[in-house]
Number of protein chains: 2
Amino acid sequence: MEKDHSAEVKILDAARHIFVEKGFNGCSSREIAKEAGMNVALVNYYFKSKENLFHLVVSSIMKEFAHSIFEVFKSDLSLEQKTRILIENEFDLLARHPEIPSFIIGELSKKDQNFFQCLDFENEIEKASIHKQVSEAQANGGMRKIDFVNIMLLIMSNCHFPFLAKPMIQTVHSVTDTQYQDYLKIHKQYVTEMVINYLFPTK
Amino acid sequence: MEKDHSAEVKILDAARHIFVEKGFNGCSSREIAKEAGMNVALVNYYFKSKENLFHLVVSSIMKEFAHSIFEVFKSDLSLEQKTRILIENEFDLLARHPEIPSFIIGELSKKDQNFFQCLDFENEIEKASIHKQVSEAQANGGMRKIDFVNIMLLIMSNCHFPFLAKPMIQTVHSVTDTQYQDYLKIHKQYVTEMVINYLFPTK
DNA sequence: AAAGAATTTAAACAAGCGTTTAAAAAATCT
DNA sequence: AGATTTTTTAAACGCTTGTTTAAATTCTTT
């Protein structure tokens, strides 16, 4: 028999919203249940525990963000084009979910690291055979010889940090939300140019 | 009369250690008091409330990091040299306190932004007259014409994110602590070269 | 040494926490 | 329609939270 999922989904949506806004320790099961319009006991009825619900929320968010990256890895493009699209996609995705990076960073720093190894991103990277494409490009001089981890670190640093540091920058430089949007828009262009120039120097 | 500060300092040190490790909502006043070897009531006797103690801890941390930056701003060097030293200093400071960025980012995203405006960084920036130096360098073609906020965003992104993303990268790429240290060491060189090349293109 | 102020303590406060229970309500099946 | 299972509910569980109180202790001053 099929059960009606609406209660489960309502709780999951509310949990995602509240966990992201306040963190695991910054909210209560009752608060999540209230936002979902449900009784407190239903949280544990459907999801066993607050911790388990949190685990599900974080996993689904990380999969969403990882999917966006792996789609580009798997596409049939040059590495330079992949880099451009990667930056474009990250800025777009982050503009739609600007609060996610600080949530992930903040929560992941408090939990043990083995907590999310089940997602198995290494397998996905392998399937996209992006390592091979990088090695070949570096062998024929089309790309600067840098380890793949450092390449991803360079790209992701420049995409994610502007969103992570938004509250910081706004405090330090007295910037409004609208002004910050403008900074982000032009910043994407700077980042693209800087990273491409560095990774593909012969161009 | 002078009071003995040892109890106050012990609590402040314990608070900094535990707040940074577990976040404001991730620890209790009793836990802080226990680490300081004091009675719970002393936390409120000396610091009025947990929130106020937290405020003091965050302010002192942010001043420490800001000081390191303003020292470079105020020095008598070219912008290119300042950029090099800024990156060098940030990587060194972060290597000594790798858990601070994720603490600041994680906690600042949950609190209201006016919370820390009392630190008045804008005044410090003004005193260092860094804006003037940038304008002049950009006028005579020595530096790419980018707003100061975007310049700082470029530099800080590449310094801080590698420390923010450490748990993430280690999960995704199965990297040990020692291996990650090596990635960081070489990454500092990449970042310096990339940022300098981009901000001072004629060199 | 006595008096007064500052510090430290154990105990208690109400409130909120995650989770469980057992009964009520709704839905499903025969 | 009656029986059975699934979903929802209110209430309670023991425990921890930040904070306060009032008594005990230590220190300082006279």
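The model is predicted: local features need pLDDT of at least 70, side-chain atom pairs count only at pLDDT 80 or more, and totals for chains, interfaces and linings use all residues. Residues are numbered from 1 along each chain as its sequence is written, chains are lettered from A and ligands numbered from 1 in the order in which they are written, and side-chain values use heavy atoms, with hydrogens and water left out.

Start where the chains meet. Chain A brings 55 residues to the contact, and chain B brings 55 residues. Contact here means heavy atoms within 4.5 Å. The two chains bury about 5100 Å² between them, and carbon and sulfur atoms give 68% of that. Buried area is the accessible area (1.4 Å probe) that two parts lose on being put together, summed over both. Leu153(A), Phe161(A) and Met194(A) supply 12% of what chain A buries against chain B, more than any other three residues.

Four salt bridges are counted between chain A and chain B. A salt bridge is a side-chain nitrogen of Lys or Arg within 4 Å of a carboxyl oxygen of Asp or Glu. Lys110(B) and Glu107(A) meet in a salt bridge, at 3.7 Å from N to O.

Several elements of chain A give two or more residues to the side that touches chain B, among them helix H1 (6-22), helix H9 (148-164) and helix H11 (177-199). Helices are DSSP runs (H or I, at least four residues), numbered from the N terminus. H9(A) gives the most, with 12 residues. The residues on this side of chain A divide into 29 nonpolar, 17 polar and nine charged. Here Ala, Val, Leu, Ile, Met, Phe, Trp, Tyr, Cys and Pro count as nonpolar, Asp, Glu, Lys and Arg as charged, and the others, Gly among them, as polar.

Next, the core. The largest nonpolar core has 144 residues, and Phe19(A), Leu199(A), Phe19(B) and Leu199(B) touch the most other members. Such a core is a set of buried Ala, Val, Leu, Ile, Met, Phe, Trp, Tyr and Cys residues joined through side-chain atoms within 4.5 Å. Buried means under 20% relative accessible area, exposed over 50%, partly exposed in between (1.4 Å probe, protein chains only). Leaving aside neighbours within four places in sequence, Phe19(A) has contacts including Phe24(A), Ile32(A), Leu53(A) and Phe103(A).

Finally, the loop. Lys48(A) lies between helix H3 (40-47) and helix H4 (50-74) of chain A. Lys48(A) is not a glycine, yet has a positive phi of about 75 degrees. At 67% relative accessibility, Lys48(A) counts as exposed.
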